[in-house]
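Colleague: I would like to learn how to read a model of this kind. Could you take me through it feature by feature?

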Amino acid sequence: MGKLLEHVNSPADVKKLSVPQLTKLAEEIRDFILRSVSKTGGHLASNLGVVELTLALHCVFDFKTDKLLWDVGHQCYAHKIITGRKDKFANLRHSGGISGFPNPAESEYDQFAIGHAGTAIATAIGMAIGQIHQKQDNKIVAVVGDASIVNGTSFEALNNLGLVKRQLLIVLNDNSMAIDATVGAMAKHFSRVRLSQTYEDLRKTTNNILEHMPVIGKSVEDAIERIKRSIRMVLPASQMFESLRIPYFGPVDGHDIDSLTQLFEALADLEHPAILHVYTKKGKGFKPADQGPTKFHSTGPFKINGETIESTPTPGKRTFTKSFGKHLSELAERDKRIIAITSAMCDGTGLMNFRKKFAERFYDVGIAEGAAVDVAAGMARNGLKPFVCIYSTFLQRSFDQIFQEVALQNLPVIFCIDRAGFVGPDGPTHHGLMDIGFMRMMPNMVLTAPANDTEMKLVQEFALGHEGPVVIRYPKDHVPPKPFIKAACSRAFKLGKSVTVKHSKNSRLAIVSYGSILTEALKAAKLLEEQGTAVDVINARFAAPLDTKIISGLKQGKGIITVEDHTVACGFGSAVLEMAAARKCPLNAVRLLGAPRTFIGHDSRESQLLQAGINADTIVKTAMEMLD
């Protein structure tokens, strides 16, 4: 660790430094982030790009009392380092360490535990109005990425910015990237402006803003007009914001600490909302991340050797995500109706090969999940077979569109829900523990979950042939090795039909698993068998419609344990209980294993499953209690 960073334990220490010292500190922080993330994994490229911006903000504002909001929250590492949390980076996103996102439970410098995009401007408006009512005047700053500002909620918030009659600064952090390259008309607009700017243009813009700042308090409109008249290049970038009557300043260099500090000092005195547009470089200071920011958006541990990087792959193992992408590409070769749609997560949902092979059938709508669903509904209405590939946590944002435009119309949209269940180090903002619940309540919706690679292929074939909406959910995990792929899993999917993967004579209990947790069910069955207890194992395959065979043994005195990587509330087990109750089966013979109704923190996926009791040992313990 560099000498300056060793003595920085709070923003007060940052405020004491000169501009040359701040520049040196920025490089030390960048090196600290790089070396920390190389050991723990985490969001790298986005954090390397906002170091100077973060330092300048903390030099001017006092975020113990002033309010700083991040959008998206994965760019907050430098902020955490200088707000007293650098010693906890050794376990970043691991048990006992800090979260990879802002978290008020960690620090008074964080306002929201937030990992989704598009929320900061709206919550900042709420905080600003709250301060007016409480007769407070703390400064409010929202740092918003260029990919987040085009989210629907961001646009709605910008449209309501007029509700705020006091200071509120929006810093538009423009790096031309989301997880992947930012897409859409606004991204192209920003890109054209960026490409037309030279470093000298940015310096002139900064100087001109500062020159006119003394008159801002008296007449902001007059000041902006003076700025625009003196710098021709400002106009194209400001057109959208001006149409909404939002004062706009920029673009300026987001790595120039001296200029940023002066700009923030001037803008802090405004008595109304404003936007400062800054250019930053995602992955700055680390060549592999600079050249490949998508790869280093969120990374596992890696080795650093100068400017080269080596990943640490798991030999011979394929993830559910890669399995999905492989089989979808194979299916698309045979059926030209197949379209893939995603929301700024092509790589994360395993669609890179699909995009390369079928560019004309791939659509990325950016961070706009609701739009993705509605676009898919339109395609389905026109005879196509859209596969909507979105993480479970983000699909929650499109609940209304799924209900209104897909389920209600009974359209054949296939929802490919990646990161279902516990996701590991990203923690509660990214867990996918609610999708069964909100999807299962919708009429016409068919819910499926493949248990392995073989079933991933079979379920896609089933979904393609079904004339209605289908959900395919799968975790951020490796597919099970061959010993856990039973012959029954090779049978074609039939609507609402489960498969029995282990049948035992004289069994008094059935373990019914949904999705990838089948491996734990089989491990438990083996452990019970070694203890002389025979059980059946059923791979449910469907959560809606549910196979009546699952509860058939209840009236004969058999028990059922359901196991799922989802909350017990509203989940697969809940569906089994509902069916059992409707058919007047004994409910005391049913036990549900799944995630509790609480938020489980960042840790390894294995540890999270263990904490939730979704594992073989808990199944065995539950079985023995029931049989006793």
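This is a predicted model: local features need pLDDT of at least 70, side-chain atom pairs count only at pLDDT 80 or more; totals for chains, interfaces and linings use all residues.

Colleague: What do the labels for helices and strands stand for?

Modeller: Helices (H or I, at least four residues) and strands (E, at least two) are DSSP runs, numbered from the N terminus. The protein has 25 helices and 19 strands.

Colleague: Which strands pair with E2, and in what sense?

Modeller: Two strands pair if DSSP finds at least two bridges between them. Strand E1 (residues 67-71) is joined to E2 by five bridges, and the two run parallel. Leu69 has Ala142 as its partner in E2. E2 also pairs with strand E3 (residues 168-174), in the parallel sense and over five bridges.

Colleague: Is strand E2 covered or exposed?

Modeller: Buried means under 20% relative accessible area, exposed over 50%, and partly exposed in between (1.4 Å probe, protein chains only). In strand E2 (residues 140-145), six of six residues are buried. In a regular strand the side chains alternate between the two faces of the sheet. Here Ile140, Ala142 and Val144 point one way, Val141, Val143 and Gly145 the other way, and all are buried.

Colleague: How much of the whole protein is buried?

Modeller: Of its 628 residues, 60% count as buried. Helix H5 (residues 51-60) is mostly covered, with nine of its ten residues buried. Among them are Val51, Leu55 and Cys59.

Colleague: Which residues touch the most other members of the largest nonpolar core?

Modeller: In soluble globular proteins, nonpolar side chains tend to be buried together. A nonpolar core is a set of buried Ala, Val, Leu, Ile, Met, Phe, Trp, Tyr and Cys residues joined through side-chain atoms within 4.5 Å. The largest one has 54 residues, and Ile29, Ile33 and Phe264 touch the most other members. Helix H3 (residues 19-40) gives the most to this core, with eight residues. Apart from this core lies another, of 50 residues, including Ala376 and Phe572.

Colleague: What is Ile33 in contact with, leaving aside its neighbours within four places in sequence?

Modeller: Contact means heavy atoms within 4.5 Å. With those neighbours left aside, Ile33 is in contact with Leu44, Asn47, Leu48, Val51, Tyr77, Ala78 and Ile81. Across the protein, 77% of contacts between residues at least 6 apart in sequence join residues at least 24 apart.

Colleague: How many salt bridges does the count come to?

Modeller: A salt bridge is a side-chain nitrogen of Lys or Arg within 4 Å of a carboxyl oxygen of Asp or Glu. By this rule the count comes to 27. One of them joins the side chains of Arg93 and Asp426, at 2.4 Å from N to O. This pair links distant parts of the chain, 333 residues apart: Arg93 is in the loop between helix H6 (77-85) and helix H7 (120-133), and Asp426 in the loop between strand E11 (414-418) and helix H20 (435-440). Both Arg93 and Asp426 are buried.

Colleague: Where do Glu529 and Lys502 lie?

Modeller: Glu529 and Lys502 form a salt bridge, with their closest N and O atoms 3.4 Å apart. Glu529 lies in helix H22 (residues 518-530) and Lys502 in strand E14 (residues 499-502), so the pair ties together parts 27 residues apart in sequence. Lys502 counts as buried because its relative accessible area is 19%, whereas Glu529, at 48%, is partly exposed.

Colleague: How many disulfides does a search of the whole structure find?

Modeller: A disulfide is a pair of cysteine sulfur atoms within 2.5 Å. The search finds zero. As for individual cysteines, Cys59 is buried at 18% relative accessible area, and Cys570 is partly exposed at 43%.

How values were computed
Residues are numbered from 1 along each chain as its sequence is written. Side-chain values use heavy atoms; hydrogens and water are left out.
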